[in-house]
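Hi everyone, thanks for coming. Have a look at the model on the screen while I talk you through one part of it.

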Amino acid sequence: MTWLAWRQFRAQAALTAALAVGVVVVLVMTRHDLSTSISPGAPTGIYKLLRLLGTGLIGVPAFVGAFWGAPLIARELETGTHRLAWTQSVTRGTWLRTKLAVVGAVTVVLTAAFSLVFTWWSIPYDNIDGRIGTANFGQRGIAPIGYACFALALGALLGLVLRRTIPAMVATLVGFFVVRYLVQTLVRPHLLPAETVTRSLDALLGAPGRSSAASGGWILSRSTVGPTGARVNGIDQALARACKLTRADGPSQIAACARRAGFHEIVKLQPADHFWPLQAVETALFLGFAAALVGACFWWIRHRAA
Amino acid sequence: MSTNTNAIETERLSKRYGRRTALDDCTVAIPTGHVVGLVGANGAGKSTLLQLAVGLLEPTDGTITVLGGRPGAGPAQLARVGFLAQDAPVYGNLTVGDHLQLGERLNPGWDRALARRRIERFGLDPRQRAGRLSGGQRSQLALTIAIGKRPELLLLDEPVASLDPLARREFLADLMQLAAEHQPTVVLSSHLLSDVERVCDHVVVLAGGRVRVAGDVDDLLASHKVLTGARTVSTALPPGQTAISASHTDRQTTLLIRTAGPVHDPRWQVSDVGLEELVLAYMSADVPARSLAAVGP
Amino acid sequence: MEFGVIEFRIDTHSGVAPYRQIVQQVRQALRLGLLEEGDQLPTVKEVVAQVAINPNTVLKAYRELEHEGLAAGRPGLGTFVTRSLADGSLGAHKALAAELGRWLQKARRAGLDDDSIAALFERTFRASMNEDVA
């Protein structure tokens, strides 16, 4: 059965692998240049383009789900070849398991290679911008492997239930991005206990100063509090009242005023060193989703599909 | 050639798709060692019955036993039953050779020599993509896969419906040669009665999701007669005779009856019945299916 | 050895059971002298490959021929003709044919066209068959 699963999939796998190898080669070749020439601030030229390419990593799992997962079973149901495959001396459970295993293995290898190389390539940028924040987090580390497995399983199940390739592809894309978005906004902040940090208003007010404890972390919420510990909403007016500031005062004077008057900021955040633990938990979460969807596939193929 | 187990045995078998009933309370036993014709109009439930027998579908109610086992229960059961689905699906982007590989790798009892011989006989190029084959060639390829596993029971769902007359004839000739050589039990569904009459020695007639009649063709033909008489003759029949269909003109009455013995009533002119006439009578018969289903020799 | 001493044709619209058609065609061939004692009838495989009919049908026809004493099966070899019908029937055939010819002339003189003659023959033939059966 492995032979058949691979025979059906090898052309797509080869094409995608060739693409991935090309991308990896470009990333490896430009990495040295990048790490020596980088300066704080916006990337320029080719690096901007490459960074955009890396951002495309966010689409790789969606691609896997729509183009590998959705047609995996839907195309067979659509063309009737499942009646050929399921009537050989192999149960349809074995058939499904083998297909998912073959495509799943290629998915994991490709996503892992692409993601880890891009993570390494991005280190110079991430040292400046941080990588735990919402945009970068999903394009680094091992999380994309979890996303891809989830997308693949989602595509397979939707294909099995909807029985048509194109609707299954569309539903997979929509479903994948909805779940990714909901997890990112509603779930991920709570996957690990957030830290609360009290810091001066220097950063908020744009005054140059020592880098605070929040640097590189993923800030979930921030609020300004006054000397009494009460929340302050209009910080500019509050400071103006406290120190009799004039229009001529620059950020440094204002910041000094805030320190003197006892204003500070309370920040809730996931610190930078939570990156890998958070990656592990999020990956596990999506692998869990994938496992549940695969389980649903097996149930459906035994009891409902024909 | 035959063993004591039935090839297919159903007990009050029903299959519903949502609110549509495809098979309704079917009880039938199909013996081994025959080429069995499953006949009925489109939508009569032929395809549903075959797919239940190979385990592609699950019954809604009742039971179905195939060669003494539950359809699709495991690799061993699957290996015993060959299935050619309607329209002979094959993988369009795989080659003919790939399909033979598929058969070989997915079936422990694969007969490589038989499969090769068939492919050569039909002039199929192993390097050709299956998607480019003609309808007849595709059917032969799909049949080769179904046969190559050397099943005890071969189920064919409308195998010739999409073929031109020449390809149809070739397909049936080849199938009959196979039946003579390897002697599997063959169950084929068809709405082409002339084909069924040619190749089948046992028929099961389905109409409206029910089994109308089932039996050996010779037994059925021997136990049915056409009676023709004047319109005035009473259609009341003696015990042991049942009218299946009746038609009238102003002057004449024609009855198709099932009878246990010879008809002696001199008012009737008695003649033999052909299979086609008999099947058509049962397909359109408006009689309780249960009372007709069991016809013995 | 040459195959195909005789070729069968099966007409599924004739209303005659396929095995009967084979039996009739063998008898006809025996009468016409196309088959002689010792000839081998085509094997079951050859027949089904040629006319696409059920192998059991061919077996049944051959059993019927054996029953009538016209053929005998030799295990592993095939089925062979054991008796010819040509000699015995030929003379009677001639006389009958002449008689039938005279009858046909009479029928035409009586104003019957070909179809009517055929219908009349068919009806009389069936009626006499029914008498035999009853």
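**Where chain A meets chain B**

Let's start with one pair: R7(A) and D98(B) join their side chains in a salt bridge, at 2.8 Å from N to O. By salt bridge I mean a side-chain nitrogen of Lys or Arg within 4 Å of a carboxyl oxygen of Asp or Glu. Between chain A and chain B the count is 1 salt bridge.

Quick housekeeping: this is a predicted model, where local features need pLDDT of at least 70, side-chain atom pairs count only at pLDDT 80 or more, and totals for chains, interfaces and linings use all residues. Residues are numbered from 1 along each chain as its sequence is written, chains are lettered from A and ligands numbered from 1 in the order in which they are written, and side-chain values use heavy atoms, with hydrogens and water left out.

Okay, how many residues does each chain bring to the contact? Chain A brings 23 residues and chain B brings 28 residues, with contact meaning heavy atoms within 4.5 Å.

And the area buried between them? About 2,200 Å², with carbon and sulfur atoms giving 64% of it. Buried area is the accessible area (1.4 Å probe) that two parts lose on being put together, summed over both. On chain A's side, look for W3(A), L84(A) and S89(A): they supply 29% of the area that chain A buries against chain B, more than any other three residues.
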